[in-house]
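Have the sequence and the 3D view ready, and follow along.

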Amino acid sequence: MMSEALTSSFFVLASADTSLLSELTIFVLAVFLGFEVITKVPPTLHTPLMSGANAISGVTLVGALFCAQTHNVTLANILGFLAIAFATTNVVGGFMVTDRMLRMFGKKR
Amino acid sequence: MSDNITQIAYLLGAAILILGLKRLSGVKTARRGNQLAALGMLVAVATALVEVGKIDYGYVIAGLVVGTLVGVVLATRVQMTSMPELVALFNGLGGAASALVALSVMFDWLNTSGEMNNVSDSMGVSWTISVVASIIIGALTLTGSLVAYMKLDGKMSGNPVLLPGRHVINGLVFLGTLACAGYLGSQADSASTTTLCVVGVTALSLALGWLLVIPIGGADMPVVISLLNSYSGIAAAMTGFVLHNNLLIISGSLVGASGLILTRIMCKAMNRSLANVLFGGFGAEETSGGGGGGQKGYTTVKECAPDEAAAILESSGSVVFVPGYGLAVAQAQHAIRELAEFLEEKGVSVKYAIHPVAGRMPGHMNVLLAEANVPYEQLIEMDDINPEFKNTDVAIVVGANDVVNPLARNATDSPIYGMPILDVDQARTTFIIKRSLSPGFAGIDNPLFEAENSLMIFGDAKGVLEQMTKDLREL
């Protein structure tokens, strides 16, 4: 089991095509970017930031759109439909509730 | 050619999302930032629809309509006190969506691959790993978030559930997940074994998410929500690897990073390491009951009625409110603001001291008070307000307990030792509005209740605050 895992991880590195490497590069850089962009958030904004970021994580909707595209009723399509519904709830609900909160911060007494 | 255009459109969407997130982290720009992020999302989704091309849109439209309706209803109906539940639920949905995308892609491959062979031989090892990682992280985010949701909502006890040998069980379930994934990638060569492995990975990851969150107590939910928020982002980034979509990778990792930052802030505010929160079973019997902690009961508690408290407030010059979770439960945010406004009109200086983990998610108390029209200039962070307590006439603790417990300062054997607290005991007089003397999440006594200058006002926070305002008006 262990040696198998090792072999296969070497295999991954050896067979890593350029697309995987550039995707990994983007991933790592984006994580650093995230840390830079979001440092020093005032505590007032912790909840809205989290629900806003939460809405952004619904971006997986983009992936879900590719999963429900054929006419035939297959397991893949049904899973795709559920993925779209869940991700859309996350995106729409997340952005709306964040806006609702931030509107409260903005209003005058 | 058109492929280049879609790539550029995705890049545009990602850039707008980044700008939005950047603005979301500043008070003045936050609302525009959120709208900008929503615009970025719209660009991304529109681009994806174009890229998908002319298809039968039945499922797509149905999914979008259902999701939008549910999202709108949830976002407009939710009470601000229930924000943590909603965010937990959304985290779970995001994780579930990512896992479903990966599952759908996998079954689509099974359906169309015709001549059956091993998935990693056919699609590449890195692709297989991305699919499996997406399923694992997405599925455990789903069940973990559902447990967090139920604990926050009271559908499940907030007490840690400690299974005997839970570390061993968790370890075995995790190894089982990896074993299924390993077999899928290296051995499975028929449709039935492949399906079996995929189902195994999914089921075990679902179980793992549940097992990992049940031992975590209600007080630690701010950390758990932040961490699950991070996971939901990572899961989205993994689907980006599956579908070779850079936009998904970028936005997913941004969310992953922001969730981690909030996790770190929350851990620091409780003086605990992430490992301790996740595996410690804090607040359960194994940590309480130490010499400096435990419940020994109280002997010299002084009680005070709302009208006596009002008389003391009448002659004071400065008041600091210390709101805690109990304020949220009692829905007393409007009552506290009314009392504060009345005091201000009489020329009393009023401030609110906000502990970083007050409420049940990061920044929750700020949102609750903003809802009640408390100007955010009056909300003072812990480090800035602490030096002011010794010059404060009255500190009014409303439904907070562990975050004002002086044991955290010097009782080295207490479970909360080292946690930064609000120094309310340094005020000339401290009112503590509380239903009873019952302990907070940490399950320990609070010597503040017996302190020389402390006065307990028992009752429902909302009722007591309203009564105090009424008594003040009549004075």
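This is a predicted model: local features need pLDDT of at least 70, side-chain atom pairs count only at pLDDT 80 or more; totals for chains, interfaces and linings use all residues.

**A tour of two chains**

Chain B comes with 18 helices and six strands. Residues are numbered from 1 along each chain as its sequence is written, chains are lettered from A and ligands numbered from 1 in the order in which they are written, and side-chain values use heavy atoms, with hydrogens and water left out.

Back to chain B. Along the principal axes, its C-alpha atoms fill a box of roughly 85 × 50 × 30 Å. Of the 475 residues in chain B, 57% are buried, where buried means under 20% relative accessible area, exposed over 50%, and partly exposed in between (1.4 Å probe, protein chains only). Take the contacts in chain B between residues at least 6 apart in sequence: 78% of them join residues at least 24 apart. Contact here means heavy atoms within 4.5 Å.

Now for chain A. It has five helices and zero strands, so the order from the N terminus is simply α-α-α-α-α. Buried residues account for 52% of the 109 residues in chain A. Among its contacts between residues at least 6 apart in sequence, 61% join residues at least 24 apart.

How do the two chains meet? In chain A, 87 residues are in contact with 108 residues of chain B. The area buried between them is about 8400 Å², with carbon and sulfur atoms giving 76% of it; buried area is the accessible area (1.4 Å probe) that two parts lose on being put together, summed over both. The rule finds one salt bridge across this interface, that is, a side-chain nitrogen of Lys or Arg within 4 Å of a carboxyl oxygen of Asp or Glu. The side chains involved are those of A:Asp99 and B:Arg31 (3.0 Å, N to O). On the chain A side, helix 5 gives the most to the face that touches chain B, with 30 residues.

What sort of phi does B:His244 have? Its phi is near 50°, a positive value in a residue other than glycine. B:His244 sits in the loop between helix 9 (221-243) and helix 10 (246-269), and is partly exposed at a relative accessible area of 47%. B:Gln331 also has a positive phi, near 55°, and is likewise not glycine. Its loop runs between helix 13 (325-329) and helix 14 (333-345) of chain B, and B:Gln331 is partly exposed at 32% relative accessible area.

Last stop: B:Thr6, in helix 1 (residues 2-24) of chain B. Buried or exposed? B:Thr6 is buried, because its relative accessible area is 10%. Leaving aside residues up to four places away in sequence, B:Thr6 touches B:Thr47 and B:Glu51.

Key: Helices (H or I, at least four residues) and strands (E, at least two) are DSSP runs, numbered from the N terminus.
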